[in-house]
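Thanks for asking me to look this one over. Here are my notes, point by point, to read with the model open beside you.

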There are 2 protein chains.
Amino acid sequence: MTHTAPSTALLTDRYELTMLDAALRDGRGEHPSVFEVFARRLPAGRRYGVVAGTGRLLDALVDFRFDDDVLGWLDDAGVVSEPTLAWLAGYRFGGSISGYGEGEVYLPGSPVLTVHGTFAEAVVVETLVLSVLNHDSAVASAAARMVTAAGGRTLFEFGGRRAHEQAAVAAARAAYLAGFTGTSNLEAGRRHGLPTLGTSAHAFTLLHDDEAAAFAAQVAALGPGTTLLVDTYDTEQGLRTALRVAGTDLGAVRIDSGDLAAEARRARALLDEAGATRTRIVLSGDLDEHSLAALADAPADAYGVGTSVVTGSGAPTAGLVYKLVARAERPGGICRPVAKAGGDKATRGGRKAAWRRRRDGRAVAEVIRPFTAPPPSGDVRPLQRPLVVDGERVEPDDLGAAQERLRAALAELGSDATALPDGPVAIPTEFDDDPEARLDPKACS
Amino acid sequence: MTHTAPSTALLTDRYELTMLDAALRDGRGEHPSVFEVFARRLPAGRRYGVVAGTGRLLDALVDFRFDDDVLGWLDDAGVVSEPTLAWLAGYRFGGSISGYGEGEVYLPGSPVLTVHGTFAEAVVVETLVLSVLNHDSAVASAAARMVTAAGGRTLFEFGGRRAHEQAAVAAARAAYLAGFTGTSNLEAGRRHGLPTLGTSAHAFTLLHDDEAAAFAAQVAALGPGTTLLVDTYDTEQGLRTALRVAGTDLGAVRIDSGDLAAEARRARALLDEAGATRTRIVLSGDLDEHSLAALADAPADAYGVGTSVVTGSGAPTAGLVYKLVARAERPGGICRPVAKAGGDKATRGGRKAAWRRRRDGRAVAEVIRPFTAPPPSGDVRPLQRPLVVDGERVEPDDLGAAQERLRAALAELGSDATALPDGPVAIPTEFDDDPEARLDPKACS
């Protein structure tokens, strides 16, 4: 396959390149460095976050190249000096990346991604790393709560129209990873292999002289197993018309407005009375995790969720940051921790390793230690895995593996921690600082 | 220039294509139709919205073509029938689009975009239209409030890392349209011609043995007119070091943490005392319209705004919808209004025209009437303009024109309506329904 993907190199803040320029000039650009991605806190009320976007990010890094078009623009715009342009022309990320598996649960301070390489090669990817992980993790974190709230019922992602047209594709992927069954977004079907679905909108009914004509046209095109949208005029009448046109083999009805719980109950009674006991009921219309939870007793089979899932349901970005935590004082030197001081933006220096501690099979703490410290004692599982080694990508996960990882991580957190009411973070993050372990000849290599 | 942009055709909900399939099959696909884009309401507390994305949308429509790759995927996925695939192969939007100029203010119900053509050609672009306008208008609407709150001080958009990597580019454009001076996002510079800026992050300071070495390296690369980030360790010490290294010709200092008002006052005093009276102070760090307003008395020269602007400051989508409002019963027939009934999702049928009514130069109402009704009396200005006529794009605005349009529209609303405290919508929307005017032979033609 010919590689024709456009470069992702300019999806970058200008200061990454001005820092690069200055660092190459004074020689520090080649110093081994470690950057970590973590969230200082979770959005208010959230008990856990879900890592998502890792697979997309690693794909985008392959296309992080400075081709002639990009270099020409940077030159014209005067962003960096000539020697830096020459360095960028040969750029290919040659460092290593490890991180939490996609779909893993994270807590405040979890080192969800660790990038090590030279300062120069690692600093320039900051913006891309954060854009991808912040967006996708925000959507997956919201979607996971919706999956819990839906209590086993099927969820479809219908929100692409409420998001930037490319963010929509990534949002569909993140929702699927978190347990949604499919998406309305066709590009997400093509790009990521997601199941796509959808039948008709109110416009299709309004195009016809009456609902019966619209339903007949849809059934003629898509068969009686289709989903008919029955709330354009009067939902009860729409249901009767749907049954009259499609018969009791009608696949599903969708109700998109009104008191959805009451409408679903009326619809179920009417369908059952007519013998359409297998006709499913799909509800949509401004649903979020809270309204899904409130529909628990309604006879719904599936939900379409739009705006709330693609916008992270009140938390549209995950707040992940990318911070230099260690660097050597010369190429090949020993790695020393570095940290910003003071206030709520202070950082913890040193490359870190992370484990989830369990007791009786339940997660009880996120344990974060210096990278070179020995593993904590007791029942712990390591959270980081190699993703890129010396510029070579490790065999990627598929989305199914990420779904499974999330299911297992949530089961381990337990239903008290994953249930819907907002609350404190599910488990504490324990920073175990072992000063002896922090000067690390390996961390930067 | 060779046209190599990828197709935008699959950035679309599946139901647009299944509706198309059914409508082509029963002949209604060729019926003249009118769709309108409007917001049912504004986000809570918002007094006006800002239309943005129109230019991006019209560019993306050019690339809304079903090429062999797209058709092959649709065929494999079984989305539509063979005759519909053949129809899509020849697809090119050949209808007409009119709408509010980019940068115009909108209110609840404002018909910000009107798409007329056959049902088939107009229905398939729904998702793309909404994705672009919902995202960009959400960002511009938030950004405009920030510009007001900044009271004439310079605003930079630094939020790309908190948004999907492509949404970041569009967000930079929308913020610029609303009055931001520039962006950190390089792709926004290349794609949209925006001014880009940025110098260094805390990582650059931490890479060096001390702040003085980092500042010296930056000044060597970028000159003394650069902006030095002074809050990595101790802001007062950082300021003294910056002056010692760069001298009193230092362009600016940036402070990214702490009590920004207090830090700015201390910095101004220290800079002035040292004779660096022209050195500017840039503040950043979790700023939004409310914290900007609170900084009014602080001696800041410019602000960097990140998360809040790219996520629409609490309203990440504009809530615009795309509704069929009129269609003919046969090709060439008279256009009849159609509307969904009932509840909070009811629509108003009929193609509409919109004016802003003014009194003493101030906007007093949004007046919306049937398209064929005569203009309202008094001092009104029309809000809709042709954007695409029979498939041909009208000469597009540049972003400067959109900026100017927004400035004029906000001045017309007046400072009471655009001032920061949340409140009711700035002016009422008056629907003037003239039943005589609603059957319109021209509206669908």
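1. The accessible surface of chain A is about 15,700 Å², and carbon and sulfur atoms account for 50% of it. Areas of this kind come from the Shrake-Rupley method with a 1.4 Å probe, and for residues only the protein chains shown count as cover. Please keep in mind that this is a predicted model, in which local features need pLDDT of at least 70, side-chain atom pairs count only at pLDDT 80 or more, and totals for chains, interfaces and linings use all residues. Residues are numbered from 1 along each chain as its sequence is written, chains are lettered from A and ligands numbered from 1 in the order in which they are written, and side-chain values use heavy atoms, with hydrogens and water left out.

2. Next, the overall build of chain A. Its C-alpha trace spans about 80 × 55 × 40 Å along the principal axes. Of the 445 residues in chain A, 62% are buried, where buried means under 20% relative accessible area, exposed over 50% and partly exposed in between (1.4 Å probe, protein chains only). Chain A has 16 helices and 19 strands; helices (H or I, at least four residues) and strands (E, at least two) are DSSP runs, numbered from the N terminus.

3. A contact here means heavy atoms within 4.5 Å.

4. Where they meet, 17 residues of domain 1 of chain A are in contact with 17 residues of domain 2 of chain A.

5. An unreviewed UniProt entry carries the annotation "domain: Nicotinate phosphoribosyltransferase N-terminal" over residues 10-134 of chain A. UniProt positions are given in the numbering used here, feature names are shortened, and annotations may be inferred rather than shown by experiment. Over residues 10-134 of chain A, the chain is 42% helix and 18% strand, with 18 Å between the end C-alpha atoms.

6. Which strands make up the open sheet of 7 strands in chain A? The order is 13-12-1-5-3-17-18, with antiparallel pairing; two strands pair if DSSP finds at least two bridges between them. Strand 13 (335-337) and strand 18 (392-393) of chain A each have a single partner strand, so one side of each lacks a neighbour in the sheet. Strand 12 (residues 320-328) of chain A meets strand 13 of chain A over 3 antiparallel bridges, and A326(A) stands opposite P337(A) there. Helix 6 (residues 126-150) of chain A packs on this sheet, touching strand 1 (32-39), strand 5 (113-118) and strand 12 of chain A, and its direction makes about 140 degrees with that of strand 12 of chain A. For such angles, axes are lines fitted to C-alpha atoms, for helices over the stretch in contact, and values run from 0 to 180 degrees between N-to-C directions.

7. One residue of chain A to click on is Q218(A), in helix 10 (residues 211-222) of chain A. Is Q218(A) buried or exposed? Its relative accessibility is 2%, so Q218(A) counts as buried. Leaving aside residues up to four places away in sequence, Q218(A) touches several others, including T199(A), F204(A), L228(A) and A22(B).

8. Over in chain B, there is an open sheet of 4 strands in the order 16-14-15-19, with mixed pairing. Its edge strands are strand 16 (380-382) and strand 19 (429-431) of chain B, each pairing on one side only. Strand 14 (residues 352-359) and strand 15 (residues 362-370) of chain B are joined in the antiparallel sense by 8 bridges, with R359(B) opposite R362(B). Helix 15 (residues 399-413) of chain B lies across strand 14, strand 15 and strand 16 of chain B, at about 105 degrees to strand 15 of chain B.

9. Last, two covered elements of chain B. All 5 of the 5 residues of strand 3 (residues 96-100) of chain B are buried, so this strand is largely enclosed by the rest of the structure. Strand 3 of chain B pairs antiparallel with strand 5 (residues 113-118) of chain B over 4 bridges, and 4 bridges also join it, antiparallel, to strand 17 (residues 384-389) of chain B. Helix 2 (residues 54-62) of chain B is mostly covered as well, with 7 of its 9 residues buried.
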